[in-house]
Every structure is written in structure tokens, then in C-alpha cells.
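Here is a note for a colleague who is opening this structure for the first time. Please read the points below with the sequence and the model side by side.

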Amino acid sequence: MNSGSAMILNMDPAILNALREDVTSEDVSTNAIMREPKLGKAELICKQDGVICGLDVFARVFELLERDAHFETTYRDGDRVKKGELIGVIYADIRTLLTGERTALNFLQRMSGIATNTRKMVDILEGKHTKLLDTRKTTPGLRIFEKYAVRCGGGTNHRYNLSDCVMMKDNHIGAAGSITKAVQMARDYVSFVTKIEVECETLEMVREAAECGADVIMLDNMDNETMRQAVAIVAGRAETECSGNVTAERLLEIAEIGVDYVSSGALTYASPAMDISLKNLTPIE
């Protein structure tokens, strides 16, 4: 199952939680001015260049509030959009539009911001062997949306959760006694199809991880010269992942070193929300 399909399955519970957070008993502002149902429409307008993501989530917010709500758009998640463009029109009871506006925009702006930032970094790596990965540094409860946004921006998902693969970090290695022992115990425990990744902070750790058969070796917070030596030590015996202090300015340098992957937690925890507005709400006679 891909992340898009998984997002659909997880969409309603997450949206309902967000709506419950926003409406504990009633929307007093809306109910004060709208005493009766009235069909209306509002325009979704892009206020900056970027990559749109989360259109189905946006629409679903209003559908959960009102069965007859519907959203019309010619755009798809992952499309590039320009400032000033009309992304689509949402039709529903005006009360539904007013109550759902902020929740719907919160999802859409957040996901589009991640997709936009991811696309900027992926574009830098265009034509290079190195692939851009996300991490588990996500908003609790919203991981599926944020990782989906990374994919819409052209990035690649790292493990979704702790069940996906073995990743031996410093504390795992300390608990096991050594990298070699940790990898051996993991091999004895997991299925042969499960990859084992080892986080390494020094060249000595890289050498041990490569010699004991790790599938992926993470080069953690290494400078460029140390990474270059680490790649030479691995010599194709495992895949390599650069992690830590990954910025757009460093991406080309990292790619030239020859690592297979570069992971960035900032994709999901530090991407600014994209500026998108719901405007021109008007009644339909």
C-alpha cells in the first residue's frame, strides 16, 4: 500500500480530531450570524508559488461537516502552482464553509509547505544518484499526511515507523555491546527481507558496520571529508545515508561525495506553511 492509499484510510479520524479541537460545542461566530441554512461557495486562492498538496484532505473536511459539500478543481496533488491562481471552488452551506475553513486550510497549507520545500531540495539533486529522504521527526498523529506531502514534492519516504526496519542507533549499540553484536542479534530476530541500518558517528564505526554486514550505514553528522572517507571504506558493501546538518546549500556537495541517500528531518518539522486563502465567500441564490 502506498502512502497515498494509507492517507485515505487514515484521513477521517485525523480530520475529525482536528474538528473536535476547533469546535467543542458550537461555532458561536457562525451561528450568531447564520441562523438558517444557505448554500454558498468560496474560492481557494494560492498566494505564493509552490507545490499544492492535500486537496483531498481539504475537501474531506467540508464533506465530514456536510454530506452535500463538494470541491471542484482541475489541480492534483504535486502540481506546481503560481501566486494568484484559483485552485478551486468549494460549495456547501455557508455555515459549513465558515466552520471548516481554518481546519481545512491548516491541513492544506501544512502539506503544501512540506511538498514545496521538498521539491526545492529535490530539484537541486536532479540528475544525481543521491535520493532525498524524510525521517520520523513528524507531528504526532499527522505522520501519514506529512510523509505523503514529501512524496508529492518528489522526495522518498524513509521508514514509516519502528516496525518497518531495524535501525541501530547509539543507544541500541550501547545496549547490545557493540555494532557487531547488535547486527548479529538483529539478523537472528528479523525476517531475511528486513533491512538493518546502523548509525555511525566515526570511521571506526563505519568500518565495523560494513564488515559485519549492515545493509545501510548512516553517516551521522559527519563533515564532507569524513563522509568521503566513509564512502571509500564502505566500498559498495552497503548503502550509505547522510544524516545531520543537511541544508539546501550542502546538498550538491553531499551528492558529489557519492552517498546513496540524504535524510532531512527539517522537511517535516521545519517547512513553512504555504500561503493559501479561502476567499470571496458568496451566497448562491
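Predicted model: local features only at pLDDT ≥ 70, side-chain atom pairs only at ≥ 80, totals over all residues.

1. Residues are numbered from 1 along each chain as its sequence is written, and side-chain values use heavy atoms, with hydrogens and water left out.

2. An open sheet of four strands has the order β3-β5-β1-β12, and its pairing is antiparallel. Its edge strands, β3 (70-73) and β12, each pair on one side only, and neighbouring strands of the sheet are turned by 20° against each other on average, direction ignored. Helices (H or I, at least four residues) and strands (E, at least two) are DSSP runs numbered from the N terminus, and two strands pair if DSSP finds at least two bridges between them.

3. Within this sheet, β1 (residues 39-46) and β5 (residues 86-93) run antiparallel and are joined by seven bridges; Glu43 has Val89 of β5 as its bridge partner. Helix α4 (residues 94-124) lies across β1, β5 and β12, and runs at about 165° to β12. For such angles, axes are lines fitted to C-alpha atoms, for helices over the stretch in contact, and the angles run from 0 to 180 degrees between N-to-C directions.

4. How many of the five residues of β9 are buried? Five of the five are, so β9 is largely enclosed by the rest of the structure; buried means under 20% relative accessible area, exposed over 50%, and partly exposed in between (1.4 Å probe, protein chains only). Val216, Met218 and Asp220 lie on one side and Ile217 and Leu219 on the other, and both faces are covered.

5. Strand β9 pairs in the parallel sense with β8 (residues 196-200) over four bridges, and five bridges join β9 to β10, again in parallel. Met218 stands opposite Glu199 on the β8 side and opposite Glu241 in β10. Two right-handed β-α-β units are built here, one from β8, α8 and β9 and one from β9, α9 and β10; a crossover is right-handed if, with the strands pointing away from the viewer, the path from the first strand over the helix to the second runs clockwise.

6. In helix α9 (residues 224-234), the residues Asn224, Met227, Ala230, Ile233 and Val234 are buried. The buried residues of α9 pack against α8 (203-211), β9 (216-220), β10 (239-243) and α10 (251-257), where contact means heavy atoms within 4.5 Å. Ala235 follows α9 and has a positive phi, near 50°.

7. The largest nonpolar core has 79 residues, of which Leu44, Phe58, Phe145, Val198, Val206 and Ile217 touch the most other members. Helix α4 gives the largest share of this core, 10 residues. Such a core is a set of buried Ala, Val, Leu, Ile, Met, Phe, Trp, Tyr and Cys residues joined through side-chain atoms within 4.5 Å.

8. Ser271, in the loop between α11 (266-269) and β12 (276-283), is buried, with a relative accessible area of 5%. Leaving aside neighbours within four places in sequence, Ser271 is in contact with Arg110, Gly113, Ile114, Asn117 and Ala266.
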